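Student: I would like a close look at a single part of this model and what surrounds it. Please take me through it step by step.

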Amino acid sequence: EPVLLGEGNLFGVVVSGVGDAGVESAARRVLAAASSLGAQDTRAGAAIYPRDARTAEDLLIAAGRALEAAFQVESSSAIVLAGRGTPQRGEAGRYRAAR
């Protein structure tokens, strides 16, 4: 079932049994589909259980932070994966952009 994540054209996708490469591939396909539907700017942020978070809530927070980092990339399309050492609430962190 769809879950409202925020205002505007924002949605989440849950995939299982994949690592960084699978998540990046899924994100690329979603962004390509959005672009083919007329989206001008597309961004994706991703987090992987259990590496980036241990609870569903913290996983969504880590993915949200990665999405926020994707909006900092100077490009019309960006994918950012939360990395090992993704910060908990209130901490600064590092993310890596997918290539």
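Tutor: Leu 60 sits in helix 2, residues 56-70; helices (H or I, at least four residues) and strands (E, at least two) are DSSP runs, numbered from the N terminus. This is a predicted model, in which local features need pLDDT of at least 70 and side-chain atom pairs count only at pLDDT 80 or more, while totals for chains, interfaces and linings use all residues. Residues are numbered from 1 along each chain as its sequence is written, and side-chain values use heavy atoms, with hydrogens and water left out.

Leu 60 has a relative accessible area of 60%, so it is exposed; the cut-offs are under 20% for buried, over 50% for exposed, and partly exposed in between (1.4 Å probe, protein chains only). Its C-alpha atom is separated by 8.7 Å from that of Ala 46, 14 residues apart along the chain.

The loop between strand 1 (42-46) and helix 2 holds Asp 52. With 4% relative accessibility, Asp 52 counts as buried. Pro 50 lies in the loop between strand 1 and helix 2, and the peptide bond from Tyr 49 to Pro 50 is cis, with omega near 0 degrees.
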